[in-house]
Amino acid sequence: MSSILDVLWLLIALPLGSAVVLLLAGRRADRWGHYLGCATVAASFVLGVLAFLALQARTDRSVEETLFRFLGVGSLKVDIGLLYDPLSAVFVLLITGVGLLIHVYSIGYMAHDSARRRFFAYLNLFVAAMLLLVLANNFVVVYIGWEGVGLASYLLIAFWYYKPAAASAAKKAFLMNRVGDVGLALAIFLMFANLGTTSYSGVFAGVGNLSSVTATTVGILLLLGACGKSGQFPLQAWLPDAMEGPTPVSALIHAATMVTAGVYLIVRASPIFNASPTAQLMVCIVGAVTLLIGCIIGCAKDDIKRVLAYSTMSQIGYMFLAAGLGGPAYALAILHLLTHGFFKAGLFLGAGSVMHGMKDQTDIRRFGGLARVMPATAITFGLGYLAIIGLPPLSGFFSKDPIIQHAFDRPGWSGWAFGGAALLGAGLTAFYMTRLMVLTFFGRRRWAAASGGQLPEPKESPWVMTAPMGALAVGSVAAGFLLSNADALSNWLAPVVGAPVESVAHKLEPLTVTWSVLGAVMLGVVIAAAMFARGTARSEPVTANPIVLAARRNLYADVINEAVFVRLGAWAMRVLVFVDSRGVDGTINGLAAVCGGTSARLRRLQTGFVRSYSLTMLVGVVAVILAFSLAVFR
Amino acid sequence: MIESLGAHVAALYSAKPGSVHAPSIDYAALSPILIVLGAACLGIVVEAFSPRRARRAIQFVLAVAALLTAGAAVVWQAGANLTTASGAVAIDSAGLFFQGSIIVLGLLAVLLIAEQKLERGGAFAVQPAGPDRSVSSGTGGVGGTQGAGVAGGAGGMASSESVRVPTNTEVFPLTMFALAGMLLFVTANDLLVMFVALEVLSLPLYLLCGLARRRRLLSQEAAMKYFLLGAFASAFFLYGVALLYGYAGTVSLGGIAGAIAHGPSPTLGGHASQTLLLLGLSLLIVGLLFKAGAAPFHSWTPDVYQGAPTPITALMAACTKVAAFGAIARVLYICFDKAAQDWRPILITVAIVTMVTGAVLAITQTDIKRLLAYSSIANAGFILTGTVTLSAAGLSATMFYLVAYGFMTLGALGVVMTVRDAGGEANHISRWAGLARRSPAVAGVMTFFLLAFAGIPLTSGFTSKFAVFSAAFGAGRLELVIVGVIASMVLVFPYLRLVVLMYAAEPAADSATVQLPGGPTRLAIAVGALATLALGVAPGPLLQLASNAAHFVA
């Protein structure tokens with residue numbers, strides 16, 4: 001019986017086909033291209049829902065499908081195969097669902113851009129690559145999807161490539177992702193070298209045979225890859241710059257889906273991490289450090305999208321922290337990923353709506369009082385805001401609170417460290433998000449004309465933009481409760497990450513943790529409201545506070561990158577250039593000169609005279625006959 | 001014709017002189033050859049009796065239909081493994097694979113030949129020896145110097161008149177005769193039939209080479225050279241056949257193989273002289289290597305490829321190559337496999353010399369068609385690398401390579417047809433400078449073909465080279481692999497130089513422009529490009545087919 005689960009490849013093929021059509025059809029597709037883009041993603045979403053229902057009806061809850069052999073060299077055999085299991089199913093729904101909303105939103109947002117068709121082509125390409133990433137059944141196919149989303153992200157950040165900032169942001173994202181990708185590639189090489197396979201089933205079955213050093217190395221390399229894609233410390237600097245792309249891109253790729261690929265990878269590779277406590281500890285450290293970095297810098301930024309970008313970074317830090325804790329926390333990482341997908345995408349779309357009204361300005365110091373003129377945006381944005389700070393009973397509460405709880409439960413000093421960091425992060429999140437909310441939507445109108453422009457006259461965005469925002473707001477409100485009620489998500493994911501177990505002993509009483517978190521959040525909200533209720537200066541105040549200065553400069557991440565990667569790279573390159581020009585080029589040029597000289601001389605044999613040609617042939621014949629005669633007399 | 005040939009062969013073989021009886025002929029097995037041959041004969045009738053206006057359309061449809069039918073017949077015969085016409089023709093899986101390749105590539109070549117939009121009246125001269133005012137290049141077709149500036153001629157005059165330009169339609173039956181000869185050539189199981197097929201395929205090609213509408217002298221010179229040198233090579237071939245008959249007392253491939261294995265059969269006569277065998281073999285091989293364009297029997301290739309009308313160059317580069325290597329493979333695998341230790345070192349040397357010659361001489365070429373000619377010589381060397389291994393892997397790699405190379409070179413020459421100036425095609429590569437600025441699509445397609453020639457992964461150039469080199473490596477012929485890889489690397493230079501020229505150089509004021517070709521040419525280029533891509537990305541099915549088909553009937 002053929003069912004939806006036999007044609008999973010359609011999920012990927014539809015948006016991919018649409019991307020190809022949109023790219024090849026040229027201007028002819030300008031009028032209907034965006035509808036095709038939306039329709040294919042909608043079709044994928046419907047297929048995703050059907051597949052989800054079909055999977056629910058099955059008992060084994062895992063479907064593998066081999067499409068064709070991709071590589072068959074020696075013992076390396078890689079099939080293009082798909083794996084549809086509870087984890088993939090959740091991601092498929094997230095990617096196609098949020099993707100569909102953002103596609104619809106983009107119709108309105110990009111309406112005045114002459115390259116809208118190209119935009120939808122890239123968005124479709126992204127959706128296809130991301131689906132391939134989460135549907136793969138081996139690490140090589142994951143890598144293909146991994147590079148595919150990287151490419152789409154690069155193309156979309158640089159969508160307005162004529163803006164120098166966008167072009168250099170795209171380059172930065174590309175290069176920093178490369179560093180991470182090398183980690184993923186090395187991890188795959190190590191798996192193949194030690195286990196002889198790259199398929200999930202083969203690798204996970206063989207993890208027990210790996211030495212602990214190998215398992216740790218593979219885990220840390222995977223973590224490096226995840227850090228690059230997810231904008232985690234120390235590869236975080238590209239993510240805020242990526243906000244130079246169109247806002248729907250920020251919402252879809254750099255908030256809801258692509259940047260969470262790192263979390264997916266770690267949860268998917270949970271058997272490897274389970275085998276190496278050291279690697280798990282590394283994941284926790286990366287998560288905790290990043291979540292603090294994101295919060296601190298987020299407090300000092302005045303660009304609405306950058307604040308949200310640092311917020312994304314810090315929320316993904318929470319997910320990494322959860323993934324690193326392992327066991328029941330894997331499901332929490334995915335839970336937070338899903339709720340974050342809703343509220344962060346909603347916040348970004350709200351930011352886009354604000355920018356739409358404010359003539360593409362992004363400085364929150366020049367907003368204020370927008371709730372009056374953009375009520376729908378303010379309400380949806382506000383719901384997202386309440387969700388992200390973790391106010392019960394909105395989504396963020398159900399996903400963030402248990403993560404902090406589990407962080408405290410970690411035995412030893414690390415529990416206190418990670419739990420404390422997560423708690424502090426929750427308070428800081430409340431602070432900077434309240435600041436963003438208050439400065440944007442409430443208080444005095446501090447509107448100012450952009451350089452050389454007119455004073456903006458903000459008004460509510462069209463329904464094609466507000467409707468997706470509304471849908472995401474509903475998700476921000478309800479998703480957390482629905483997914484965590486009676487451990488719905490944990491049970492669903494149990495076949496992949498292991499069944500949820502009730503923690504035997506909590507280090508701290510759950511209620512204590514919850515109340516401390518709520519206390520920290522309230523503190524953050526109150527301080528921010530008190531500080532910014534009267535508005536703020538229109539320009540950055542002068543300060544000597546070293547923390548603020550550091551935060552304004554992104555905690556010197558760019559300086560460190562410059563010193564470590566760029567200078568070192570430039571120095572290594574100069575050495576290589578020297579070796580190349582003196583050593584390699586010398587040899588090659590010499591050989592080339594020999595070839596060229598020979599060619600020029602031999603060319604004179606090609607006289608054009610039949611008589612000399614036949615002489616050449618005759619010489620050849622004589623040579624052949626002589627050679628054969630040698631064979632006879634030998 | 002086949003029937004009479006069969007009768008002739010039967011008469012040769014019949015034990016009792018005088019009692020001639022017709023041999024049994026499996027017409028179904030011969031149907032691909034018969035269909036194409038029939039279409040060629042029908043084409044002559046059309047030429048004589050159809051109205052002038054409709055002639056071209058009829059000829060074109062006839063040729064395409066015949067090739068499609070013949071292709072269907074090949075598919076229908078798939079799996080056949082028999083000899084017919086008294087063992088003179090062998091229809092086996094390898095032979096059918098070669099036949100299928102020739103038909104598919106021939107079909108694309110016919111599409112190029114049918115091009116009318118680039119040049120009024122097509123690329124072919126109507127009067128075989130019309131008035132010619134083109135600059136005489138003397139006897140010297142000295143490498144690459146005569147390409148530019150030779151224009152005018154009958155075509156130039158004709159196109160300046162606004163009246164209807166007469167079209168040469170004889171090219172279609174001539175092409176069909178050549179293709180029929182090739183189809184027979186790759187299935188000939190008997191040296192005499194092979195010789196007849198060789199002549200059937202060669203004579204129309206000699207004519208076709210001389211039919212260019214532009215640069216008449218160059219074209220006629222090419223035809224003359226090809227004819228003289230071809231006759232020279234045919235003489236070697238025939239002499240080789242005679243010596244081998246003297247050795248084995250028979251000209252059938254199986255009979256000679258038997259004689260090598262067990263000594264000449266007493267009923268047939270023949271002298272068990274090793275000298276006769278090796279002398280005959282060497283002369284036979286020379287004749288075949290000439291057609292394949294292997295060094296040192298390659299000298300005709302650049303001049304003829306350059307002078308011939310470009311669609312005919314494409315036909316020769318793609319189809320003749322398949323035919324020549326089909327015959328070489330059959331002769332080596334069926335007939336002389338037991339004498340391999342004698343000929344293999346020699347053919348390995350030939351392969352090495354061919355690769356090196358083609359690659360090194362390609363560096364200094366300034367004419368795009370001559371560049372492709374030297375590239376085809378080098379490729380002949382690469383193909384020979386697979387063939388001389390005498391293994392099933394080598395044979396299937398050879399078959400795959402021939403198809404992949406055929407698509408590539410057809411497509412590239414199709415692109416060459418579209419880059420033109422007032423004097424016809426602009427073949428000097430300096431005229432291609434900055435082409436990408438004016439015609440990014442054409443430059444892109446050409447770049448793709450050049451990358452495929454260079455053997456970049458994801459093109460069929462990579463998979464096919466990988467196939468032959470791995471076959472050679474598997475057979476322990478490391479020297480071939482090393483020289484082959486070096487030659488491929490050297491060849492990357494001339495290919496990429498053209499790419500750089502197209503993209504990086506400023507277009508000169510008199511740079512050539514791209515004219516939009518007609519539908520058939522566009523189709524041929526598109527098919528060539530798609531096949532090159534498909535065989536590079538997913539070579540599996542064709543490799544599988546080739547390896548299933550890598551079998552000759554003994």
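**Figure 1. Helices α6 and α12 of chain B cross in a left-handed way.** In this predicted model, local features need pLDDT of at least 70, side-chain atom pairs count only at pLDDT 80 or more, and totals for chains, interfaces and linings use all residues. Residues are numbered from 1 along each chain as its sequence is written, while chains are lettered from A and ligands numbered from 1 in the order in which they are written. A crossing is left-handed if the near helix is turned anticlockwise from the far one by less than a right angle, and right-handed if clockwise. Helix α6(B) spans residues 171-185 and helix α12(B) spans residues 310-335. Helices (H or I, at least four residues) and strands (E, at least two) are DSSP runs, numbered from the N terminus. The axes of α6(B) and α12(B) lie 8 Å apart, at an angle of about 25°. Axes are lines fitted to C-alpha atoms, for helices over the stretch in contact, and angles run from 0 to 180 degrees between N-to-C directions. α6(B) and α12(B) are therefore roughly parallel to each other. Angles under 35 degrees count as roughly parallel, over 145 as roughly antiparallel, 65 to 115 as roughly perpendicular and the rest as oblique. From α6(B), B:Thr175, B:Leu179, B:Met182 and B:Phe185 take part. They meet B:Leu315, B:Cys319, B:Thr320, B:Ala323, B:Gly326 and B:Ala327 of α12(B). Two residues are in contact if their C-beta atoms, placed from the backbone, lie within 7 Å. The contact of α6(B) with α12(B) has seven nonpolar residues, three polar and no charged. Ala, Val, Leu, Ile, Met, Phe, Trp, Tyr, Cys and Pro count as nonpolar, Asp, Glu, Lys and Arg as charged, and the others, Gly among them, as polar.

**Figure 2. Three strands of chain B form an open sheet.** The strand order is β4-β3-β5, with antiparallel pairing. Two strands pair if DSSP finds at least two bridges between them. At the edges are β4 (424-425) and β5 (513-514) of chain B, each pairing on one side only. Strand β3(B), residues 419-421, is joined to β5(B) by two bridges. B:Val419 has B:Val514 of β5(B) as its bridge partner. Helix α15 of chain B (residues 392-418) lies across β3, β4 and β5 of chain B. This helix runs at about 25° to β3(B). Chain B as a whole has 21 helices and five strands.

**Figure 3. Chain B touches chain A.** Here 29 residues of chain B are in contact with 25 residues of chain A. On the chain B side, α8 (216-248), α10 (274-292), α11 (300-307) and α13 (340-363) each give two or more residues. α10(B) gives the most, with six residues. By class, this side of chain B has 17 nonpolar, nine polar and three charged residues.

**Figure 4. Helices α15 and α20 of chain A pack against each other.** α15(A) covers residues 329-357 and α20(A) covers residues 463-484. Their axes come within 9 Å and cross at roughly 160°. α15(A) and α20(A) are therefore roughly antiparallel to each other. Their crossing is left-handed. Residues of α15(A) in the contact include A:Leu335, A:Phe342, A:Gly346 and A:Leu349. Those of α20(A) include A:Met465, A:Leu472, A:Gly475 and A:Ala479. The contact has 13 nonpolar, eight polar and no charged residues.

**Figure 5. Helices α10 and α14 of chain A pack at an angle of about 10°.** α10(A) is residues 247-256, α14(A) is residues 304-325, and their axes are 11 Å apart. α10(A) and α14(A) are therefore roughly parallel to each other. A:Thr247, A:Ser250, A:His254 and A:Ala255 in α10(A) meet A:Lys305, A:Ala309 and A:Thr312 in α14(A). The residues of this contact are two nonpolar, four polar and one charged.

**Figure 6. A:Ala89 sits in helix α3 of chain A.** This helix spans residues 86-109. A:Ala89 is buried, with 25 other C-beta atoms within 10 Å. A residue is buried if 20 or more other C-beta atoms lie within 10 Å of its own, exposed if 12 or fewer, and partly exposed in between; C-beta atoms are placed from the backbone. Leaving out residues up to four places away in sequence, A:Ala89 touches A:Ala51, A:Phe52, A:Leu55 and A:Tyr84. A:Leu135 is 46 residues from A:Ala89 in sequence and 8.4 Å away in space, C-alpha to C-alpha. Of the 634 residues in chain A, 54% are buried.
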